[in-house]
Amino acid sequence: MNTTQTTTGLKPGILPVSRAGRGVWLAVLLLIVVLLSIPEIIPLDSRPHASWLQFIGRFHPLAVHLPIGFIVLLPLLEIAGLFRPAFRETAGFVLGLACAASLGAAVLGLMLAYGSGDTGAIVVRHMWGAMALSIGMLLCLLARPSWSAGVVPRLYPALLVVVLCALLYTAHQGGSITYGANYLTQYMPAPLKRLSALNGTNMAMPNPDSFYVKRIHPIFDANCLACHGAGKIQGGLRLDTYDFVMKGGKDGAVIAPHNSENSMLIERITLPASNQHFMPAEGRPPLKPEEIALIRAWIQQGASASAISVAGVSPLEPQKDIPFQPVGDYSQLMGDIRKMQQSQGAKLIPLSNKPSDGLILNTVDVASNFNDTQLAQLMKFAPYIVDAELGRTAVTDASFDTLSKFSHLRELHLEGTSVTGSGLSKLVSLSQLTYLNLSETKITASALASVKSMPNLRHIYYFDTPAQPEPPTDAAHSNSRSAQ
């Protein structure tokens, strides 16, 4: 028997029997080599690159769902093909689509990471997971013809199992980039955490009783670590430990101790949300005013890792939730609210979809022009306002007459205004008030004493005011400097 007869006598479906088959093998193997070489050719760093890379790469979260659907569908079609052979042909077609979609999503993801300067352990693991998934799909493409011909009956099913495991791993890493590394484990029952060795990390932290650990790190953990943690590091900045916070990122230090106004972190978290440098980025909600106030006070007094308290900030004490009273239905006033917003520029924003939860008075867009007269014009809406954000507006002590009528007020921001505290005692009638920020004002200790006894007032901020006490000890200040 000659060579030609031997070759044609082989079972159909084995790729090496023809030149076309050999070409497919060589092309796939070359593609695998290229995939494995990409991290060396285009190493991820903390520097953003061309804007067009970021623009195209941002289609990755959309495109990534396509291969997921194909890969999950593939084993179902193969199983159905055991009973209906027509599904076997469909499975081959879906396998080709899955390979193309996996490669496309991987390329888009690499463009996104490289273009935006994303680094970090989770980003790297997600990248290698995508590489492994794409390589697995290519190997499935090579192995399937032999499996269909009955020559290698177990290789293709085994590769499919490996691909599904790689899909789960890669998807988990991608979700961790978006939602944080503890997204799946945050609310995991304690026994499961212990079983899976996920009960916390080995990350070193300063004094567990320090202001930083109790008040500042939780803010970073909840709002910032998805982009600036160990798993994903944008701009070279990590905020998961005190040392990394003080080190800063590629643009330099983000904390200037004793100088909050010149601290890049404060600048970024107080920018308008539409600004490209606003933090948190990528559509995440802005920090709450009280969170910004805590960070500002901590920086202003040295950004210490060990200080137990910060002068001018009330201590954190565990208390039971206060049952807030419903404010009533303001729906009939929506027309008047829209007119007010058009004329004044201030906004009354619903706290939730339930009208009885109240309204938030937001003046950030017109802060420098919003004064006592404009505040008095809101008396019609006073019973429905639960949060008055008047920080850095032009209101004065005269505002206390109006604010005392905000019967359901729970949070009041007056930081950076010219109030001195004359008439502050009029707020004593606000039984629902739990938060009061008077920082960077001229409030005096005697004026502040008139409201400190309010039973439900849990959080009082008065740093950088005449009422601010001296820092607890000089040691805390020296410690903050030596820790930098």
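At what angle do the axes of helix α5 and helix α6 cross, and within what distance do they come? I looked this up first.

**Entry: ground rules**

The model is predicted, so I note its limits: local features need pLDDT of at least 70, side-chain atom pairs count only at pLDDT 80 or more, and totals for chains, interfaces and linings use all residues. Residues are numbered from 1 along each chain as its sequence is written, and side-chain values use heavy atoms, with hydrogens and water left out.

**Entry: α5 and α6**

I find that the axes of α5 (residues 65-81) and α6 (residues 86-116) cross at roughly 160° and come within 8 Å. Axes here are lines fitted to C-alpha atoms, for helices over the stretch in contact, with angles from 0 to 180 degrees between N-to-C directions. Helices are DSSP runs of H or I with at least four residues, strands are runs of E with at least two, and both are numbered from the N terminus. The two helices are therefore roughly antiparallel to each other. The scale I use is: under 35 degrees roughly parallel, over 145 roughly antiparallel, 65 to 115 roughly perpendicular, the rest oblique.

The crossing of α5 and α6 is left-handed, meaning that the near helix is turned anticlockwise from the far one by less than a right angle; clockwise would be right-handed. The contact (heavy atoms within 4.5 Å) includes Phe 70, Leu 74 and Leu 77 of α5 and Ala 91, Leu 95 and Ala 98 of α6. By class I note 16 nonpolar, 3 polar and 2 charged residues in the contact of α5 with α6. Nonpolar stands for Ala, Val, Leu, Ile, Met, Phe, Trp, Tyr, Cys and Pro, charged for Asp, Glu, Lys and Arg, and polar for the others, Gly among them.

**Entry: α6 and α7**

I then followed α6 to helix α7 (residues 121-148): the angle is about 155° and the axes are 10 Å apart. That makes α6 roughly antiparallel to α7, and the crossing is left-handed. Among the residues in contact are Leu 95, Cys 99 and Ser 102 of α6 and Met 127, Ser 134 and Leu 141 of α7. The contact of α6 with α7 divides into 16 nonpolar, 3 polar and 2 charged residues.

**Entry: α10 and α14**

Helix α10 (residues 211-223) packs on helix α14 (residues 289-300) at an angle of about 130°, with the axes 10 Å apart. That makes α10 oblique to α14. The crossing of α10 and α14 is left-handed. I list Phe 211, Ile 216 and Phe 220 of α10 among the contact residues, along with Leu 294 and Trp 298 of α14. The contact has 8 nonpolar, 1 polar and 2 charged residues.

**Entry: whole chain and cores**

I count 19 helices and 6 strands in the protein chain. Of its 484 residues, 45% are buried; buried means under 20% relative accessible area, exposed over 50%, and partly exposed in between (1.4 Å probe, protein chains only). Among contacts with a separation of 6 or more, 66% join residues 24 or more positions apart.

Which residues have the most contacts inside the largest nonpolar core? They are Leu 361, Leu 390 and Leu 412, in a core of 43 residues. A nonpolar core is a set of buried Ala, Val, Leu, Ile, Met, Phe, Trp, Tyr and Cys residues joined through side-chain atoms within 4.5 Å. Another core lies apart from it, with 35 residues, including Ile 216 and Tyr 435.

Not counting residues up to four places away in sequence, Leu 390 touches Leu 361 and Leu 412, and also Phe 370 and Thr 417, among others.

**Entry: backbone checks**

I found a cis peptide bond between Met 279 and Pro 280, with omega about 0°. Pro 280 sits in the loop between α13 (264-269) and α14.

Ala 303 is not a glycine, yet its phi is positive, about 50°. Ala 303 is in the loop between α14 and α15 and counts as buried at 0% relative accessibility. Arg 392 also has a positive phi, near 60°. Arg 392 lies in the loop between β3 and α17 and is partly exposed, with a relative accessible area of 34%.
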